[in-house]
Amino acid sequence: MDGLNDWQVVAIIPAAGAGRRMQGESKQGKQKLLLELAGETIFLRSMKALNLPEIEAFFVPVSSAEEGAFRQELEKGLPEREVLFCAGGQERQDSIASALSAVKAWTSWRVPEAQRLVVIHDAARPLVETEAIRRALDVARSCGAACVGVPVKDTIKEVGADGIITATPERSRLWAVQTPQVFTWPVLMAAYTLARVEKITATDDAALVEKTGHPVQMVCGSYRNIKITTPDDLPMAAALLQERETAKELLSETKLRVGQGFDVHRLVSGRRLVLGGVEIPAPVGLEGHSDADVLIHALIDALLGAIGGGDIGELFPDTDPAYKNIDSRRLLERVLAKLTQKGARLVNVDVTVIAQYPKLAPYRPAIRSTVATLLDLPLTDVNIKATTTEGLGFTGRKEGIAVQVVTLVKVRSCGG
Ligand code: CTP
Ligand code: MG
């Protein structure tokens, strides 16, 4: 019985607290879990954070006065999930005990009790990360009890009622406890039964399991998984959420896109020979409506290709007198502006000039640095190669020059 299908998982999300330490905000008459954090209630955010496919049902202890508001939240944000509300209790532990009765009575159990996992996660921790939940689930599957937390950073003191420090526990052994905490059903039931019989109280579930003697494995969580307790926690949580959203946006919206361009111009006498913005002294030059800089034209097509922007002929028709003899660098500038508009940033360009004539070696460094300057790229991201075609074809017969360009761009918010 090791496969994941041999296990069933449900979650208890205690949400029946009074939120007393939230004072100021509570004066608005709202339960702290119904306060909004970046446009969504703390409660809904916590529920969404727990919305993993392996969790089959949620059990939510609430106070009866607030059940309607919580239900509305779920209809808005998680309408498809099975959520069972139950009566909250005086203390958190009472609320969990009440939820456990509902979990026990759940009619969709298919596996034996030892393969039932219960995730307990405070509705006041909306920032919990999926990885921590999954780690805790894995650990609980192997040893029955897992508790997410982080090593404390501050030195902790025990202080007496008179304010006098009574002890300084060694910091290296101290962890701050969070939720989720995950237990197999028999382990959790044993803990709550013992607590009831021996009237043990605790502020977290692991503490009750510890009393039964069953080892609880600590699982490293994240310092960001804060519990919203006092008004100070709200701006902190909002900032952490904002940071996470920005990181997500960057990751999800950054795409790498490749583009390729190809162009040919005929070599004729009586024209200038301009390649990559560099004029090469020669008795023949390139024929064309513009200055016929075949390298820049191929480069423009590669850039347009990368942003799905059509081709050079569409953008700058050779029937338009405005482009007669125009310096192709001006056309490139307009295409680069289009890239910026689309949120695209160039990564590199690789150019192959196919020419029997002229010999390109002496001009390659000048072409490279001119192109790099035009593109605002470091030299290392611009490569210029040249090849002959061994006398074959039109380039071999020196009738024209062909250029191929491949480019890579990074696109953010790739609009159409
Ligand atoms: N909780 C609960 N039932 C209680 C007390 C608390 O279900 N009788 C829940 C809270 O809603 C919260 C979690 O347990 O999601 C952790 O509790 P805490 O952060 O202390 O919240 P409150 O008890 O609401 O706040 P306070 O202690 O400031 O009154
Ligand atoms: Mg409390």
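Domain bounds here come from an automatic or database domain assignment. On that basis the protein is divided into domain 1 (4-252) and domain 2 (254-412), and 60 Å separate the centres of the two, taken over C-alpha atoms. This is a predicted model, in which local features need pLDDT of at least 70, side-chain atom pairs count only at pLDDT 80 or more, and totals for chains, interfaces and linings use all residues. Residues are numbered from 1 along each chain as its sequence is written, chains are lettered from A and ligands numbered from 1 in the order in which they are written, and side-chain values use heavy atoms, with hydrogens and water left out. Welcome, and here is a tour by topic.

- Helices (H or I, at least four residues) and strands (E, at least two) are DSSP runs, numbered from the N terminus.
- Strand E7 covers residues 145-151, and six of its seven residues are buried; buried means under 20% relative accessible area, exposed over 50%, and partly exposed in between, with a 1.4 Å probe and protein chains only.
- Two strands pair if DSSP finds at least two bridges between them. E7 runs antiparallel to strand E10 (residues 175-184), and six bridges join them.

**Inside strand E10**

- Pro180 has its place in strand E10, and the peptide bond that joins Thr179 to Pro180 is cis, with omega about 10°.
- The side chain of Gln181 makes a polar contact of 2.8 Å with the side chain of Asp204. A polar contact is a pair of N or O atoms within 3.5 Å; within protein, one must be able to donate a hydrogen and the other to accept it, and residues adjacent in sequence count only if both atoms are side-chain atoms.
- The Gln181 side chain also reaches the backbone nitrogen of Asp205, at 3.4 Å.

**Aromatic rings**

- A pair of aromatic rings is described by the distance of the centres and the angle of the planes.
- Rings of Phe, Tyr and Trp (its six-membered ring) pair if their centres lie within 6.5 Å; planes under 30 degrees apart count as stacked, over 60 as edge-to-face and the rest as tilted.
- How many aromatic pairs does a search of the whole structure find? The search finds four.
- Phe59 and Trp106 form an edge-to-face pair because their ring centres are 6.2 Å apart and their planes stand at 85°.
- This pair links distant parts of the chain, 47 residues apart: Phe59 is in strand E4 (residues 55-62), and Trp106 is in the loop between helix H4 (92-105) and strand E6 (116-120).
- Both Phe59 and Trp106 are buried, and together with Trp109 they form one aromatic cluster.
- Phe316 and Tyr323 form another edge-to-face pair, at 5.3 Å centre to centre with 75° between the planes. Phe316 counts as buried at 9% relative accessibility, as does Tyr323 at 11%.
- The charged end of Lys153 sits over the ring of Tyr223, 4.0 Å from its centre; this description needs NZ of Lys or CZ of Arg within 6 Å of the ring centre and within 35 degrees of the ring normal.

**Around ligand 1**

- Ligand 1 is surrounded by 19 residues, and the closest are Gly19, Arg20, Arg21, Ser95 and Lys227; a residue is near a molecule if one of its heavy atoms lies within 4 Å of it.
- An N or O atom in the side chain of Lys227 is 2.6 Å from an oxygen atom of ligand 1.
- From the backbone, an N or O atom of Arg21 lies 2.8 Å from an oxygen atom of the ligand, while a polar backbone atom of Ala124 is 3.4 Å from a ligand oxygen atom.

**Backbone details in loops**

- Asn325 sits in the loop between helix H10 (312-315) and helix H11 (328-341). Its phi is near 55°, a positive value in a residue other than glycine, and at 45% relative accessibility Asn325 counts as partly exposed.
- Glu390, in the loop between strand E17 (382-387) and helix H13 (393-396), also has a positive phi, near 55°. Glu390 is exposed, with a relative accessible area of 70%.
- The peptide bond from Tyr357 to Pro358 is cis, with omega near -5°, and Pro358 is found in the loop between strand E16 (344-354) and helix H12 (364-375).
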